[in-house]
Each structure stands twice: as C-alpha cells, then as structure tokens.
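Hi,

Here is the model I promised to pass on. Have a look, and my notes on salt bridges and nonpolar cores follow below.

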Amino acid sequence: MQKLLLLGDEAIAQAFIDAGGSAINSYPGTPSTQITEYVIKSKEAKEKGVIANWCANEKTALEASIGVAYAGKRAMTCMKHVGLNVCGDPFMNAAIIGTKGVLVVVADDPSMYSSQDEQDSRFYGHWAMIPMLEPSNQQEAYDMVFYGYELSEKLGTPVLYRIPTRLAHSRAGVVRRQPVAQNPVKYPEDASSFVLLPANAKRLYRNLIDKQPLFTKESEESGYNRYFEGTDKKMGVIASGIAYNYLMENFADGKCPYPVVKVSQYPLPYKMLSKLYDECDSIMVLEDGQPFIEEHIRGFLDKGKKVVGRMDETIRRDGEMNAEKIAKALGLEVAKGPAVPDVVTNRPPALCKGCPHVDSYNALNSVMAKYEHGKVFGDIGCYTLGFNMKAIDTTVCMGASITMAKGASEVGIFPSVAVIGDGTFGHSGMTGLLDCVNEKANVVVVILDNDITAMTGGQPSSAHNKLRRICEGLGVEPEHIRDINPLPKFHEENVKVFEEEVAYNGVSVIIPHRTCLVELKKHIGANK
C-alpha cells in the first residue's frame, strides 16, 4: 500500500477517510486543527462525499456527530483538551446512549504551548467509562482509527482518542490500508436508547456499567497494550502513548533492560500491570500529561513496593514529557546539544504589525486611561496579546469576557468592558450577551471582527457578516451597536465612540471591523 509522510494529525485524518468516515464535525483548536483541515482540503474526501464542517463550538460539533451515528454512519469530532469541557454534556451522555461509530479525538497540550492549562483528557474518558486509545507513533495513530471504529461498533460505545502536541505535530512515514466503504444508513436497533428520559437513562447507565469487563478484556487482548520482558527486575516501567517512544529513544538497540508495559488502550490492562508489579522490585510510570495511570495503579498496586513518576516528581508533574527527562529519571547520561548562542533570545508573542486589533486597543486605552478603576475583560484569541499593550486585565476561557464584565459591573466596577473576537463570540459569547441584556447590565462589549478565526489558522468565523443582526436579535438597542473602522486615521473618531458608549448606562456593543492582515495577504496572493 501507499506510504505517506504525515503529521500525527494528518495520519488520523487520512485514516478517517480510509476507514469509511462519513462526517467530521469540529471546532479548531491547536494542536488538533490540522485533522479537520486535512479532510476539508482532501480531494479524495470530496470524491467520497465526506462531510467536513467547522462548527460554532465543540458542543454543537459533537452533537452533530451523534446525529451522524444515529443514522448508522461513522463520525469524528476533533478538539483540543479545553474543548472537551465545552462539549462535556453530549460527551457524557453519548457514553450512556451507547453511541456507535463516534471517535472523539482530543489533542492535549502538555507544557501549555497554546493553552490555558495542562488538562489531561484521560480523566474525562475514565469519568465517562468509555474506552480510550492513545497511540505512541504516527503509524499507530493511523491504524487506531480503524480499530477505534471497529471497537465502537462491536461494543456499542463512543471512543475517546487522545494525542499530545508532540505526536500531533511531528511527522513519520505511514503505510495506508485498503480503504473501506462508508456504512449505509441504518437506524438504531433500540430506538429508545437516544431518548434519555429517566426510565431509559437508568437502564442504559446500568448497561454501560455492565460493559466495563468487556472494555477491560478488549484492552488486555487487542495488542495495543503489550508486555515486554526485561532482564533487570529491579524496576518495571509503565509507559503510555508517546512516552513509550521517548523511553525507547534512550536505548540505541531499542531494548530496554527493564520489563515494560506499553499502554495505548484503556481501561488499563490490569493483568499486565499486576504481573509487572509481582516481578519487579519497584515501578516507574511514564506518561505525557498528568499522572493518570500513576493515580490509578496506586489504588490497586500500592502494596509496599515503591512507585515513582510524576506524583512524587521523579519527573516533574508539570510540562511536556521527553526523552531527556526520562533519561534523567533512569539515571542515564542525558544527551546535550550545542549551547544556545547569546544572540538568540526569547521573543514574546505580539500582534502582527498592521493588525486591526492594535488600533482598536489604542482607542480603547485612550478612554480607559481616564478611569482609575475601570477594567477590561479579555477572551481567547489573537487579541489576548493585547495584554502586552496593557489593554486587557483578564483571560480565563472562551466567552468569559462578557460574563465576567457583567458580574464585575453588577458589584461596582466601572467602566466594565469586555473584549471578544468574532469567532469566539460565535463560539460562546452570545449567551453571555443575552444575560447582559436580560439583566440590563452596564457593560460595553467590544467584538473585534477580523472576518476569520485567526488564532487557529484562519478558519471561517461562525458569526461572519452576522454580528449586528445577532446583537439586535439578542435585544441590544440598535442605536448602541456601533461599527468603527480600526485605522490610525480614524483614531479620534473611534475614541469618541468608545467615550459615548462608556457613558451610556446600559448594554453597548462596539464592532471594530477590518480583515486580518494575514488573511488579506492570502486573498491577494490567491488572486494574483
């Protein structure tokens, strides 16, 4: 079969196409974005009639995929780890329904390269009591998509598919399989399973509990969890996902002297882990992310033998796992590269030169400078870099700017200003604005409209060309929805608009609109 050089993300995307996937519904979030982008751009996917959508947020995306599964087809929804919080409701209920043919691909971001936290999605999968897959390399990332769908349809369960940043964004050769046809439309055998009235939900939840031994049996027997014998029984090693690759990098011949359990499928393979514990004097746990395995094995293996890992900070609990950290933990020589020259210095991220957000913030800063106690509540997007301009005071999560501004205004903060992008507003800002209208909050909401979802690479904004109509529909008075052009030549005019709306006792929306400079360059280049 054909061999391709693919990112981990791309391997998952190609496998989705080859495994008979019918629809992929996602919201962009680094490091998962390239999965859906690959399918959107794939000529092969288009020829097969594969549906590929960017949705308003992760919740709507997963719900759409559950709808695909209702029709008997195979679906995928991709997101970053914090996106799993957004779709927690359908995620948990999909497990109870016993949804078949849905892979929920979550890209975690250890070391927070582009995220607010290091949340480990395996805890969510365990909470939902569904199988989880965690590939250790790009070939496994490809193969596991096929297996994930087979597992889902065999056992009647959605599957959580977890990858970390390093696997998502590194390349390796991947051998393709023979593609399979998409499933025909087939409605659920148990029609009531998609109706979570209490009587049905209680029965279905019991079914989920009763399936747990089958899920564990599959983990023990699938081949993705493996026991490797070793000659030195002083220590046994449990290595999950990409951490297994990092472990092997420390041994030139690819042979670790210690017995190793490679974990790439959950529930945990308890028989293998028990054997490792019985044979070895101590246990080291290696995992990229939080100490998920370590916490669980301490519950049934902590019988006197030493267990080390991230919990005791043999390997620091925070940050990305790598081969060097593992070498240090094993007492091996740590390979060192050349020293970084003094001329190389860290460069803090900044808004692009000519970015429309800069001019919006300059106007806002001119007004806020007059108010000693005023606060600007920020949100998630390129414009978060306004913090370096001293233009925003907070960034917590998607959509929080508007609701935080509302809460602060109600207890006396004035002016209370929210800054949110057009993409984020479509994702999770509309409900917050509705709260402001309903409570007649004294807030100014600034929706920075640059025509795209810029931070994640220029995907379409769900609120594009609809912002004014949405705000009017939510109840904002039309005369207090103000459009401005964020350019230096309109600075004084824009300052006046900000001053007028800050002075208004009620809900105001200001929409600075100018296309993202990076996106504009793409259009200019495409039209040459």
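Before the rest, the housekeeping. This is a predicted model, where local features need pLDDT of at least 70 and side-chain atom pairs count only at pLDDT 80 or more, while totals for chains, interfaces and linings use all residues. Residues are numbered from 1 along each chain as its sequence is written, and side-chain values use heavy atoms, with hydrogens and water left out.

Now the charged pairs. Searching the whole structure turns up 32 salt bridges (a side-chain nitrogen of Lys or Arg within 4 Å of a carboxyl oxygen of Asp or Glu). Glu-44 is in one of them, with Lys-48 as its partner at 3.5 Å, N to O. Lys-48 is partly exposed, because its relative accessibility is 34%.

Another salt bridge joins Lys-217 to Glu-221, at 3.1 Å from N to O. Both residues sit in helix α10 (residues 198-221), four residues apart, about one turn of the helix (helices are DSSP runs of H or I, at least four residues, and strands are runs of E, at least two, numbered from the N terminus). Lys-217 is partly exposed at 46% relative accessibility, whereas Glu-221 is exposed at 55%.

Then there is Asp-318 with Arg-316, whose closest N and O atoms are 2.8 Å apart. Asp-318 is partly exposed at 37%, and Arg-316 is exposed at 54%. You will also find a network of salt bridges linking Asp-108, Asp-120, Arg-122, Glu-134, Arg-162 and Glu-287.

On to the nonpolar side. The largest nonpolar core has 97 residues, and Met-76, Phe-91 and Leu-247 touch the most other members (a core is a set of buried Ala, Val, Leu, Ile, Met, Phe, Trp, Tyr and Cys residues joined through side-chain atoms within 4.5 Å). Helix α8 (residues 138-155) gives the most to this core, nine residues. A second, separate core has 46 residues, among them Val-437, Ile-484, Val-497 and Val-509.

If you want to zoom in on Phe-91, set aside its neighbours within four places in sequence: its contacts then include Leu-62, Leu-84, Tyr-124 and Leu-160 (contact means heavy atoms within 4.5 Å).

Cheers

Terms used
Buried < 20%, exposed > 50% of the residue type's maximum accessible area, 1.4 Å probe, protein only.
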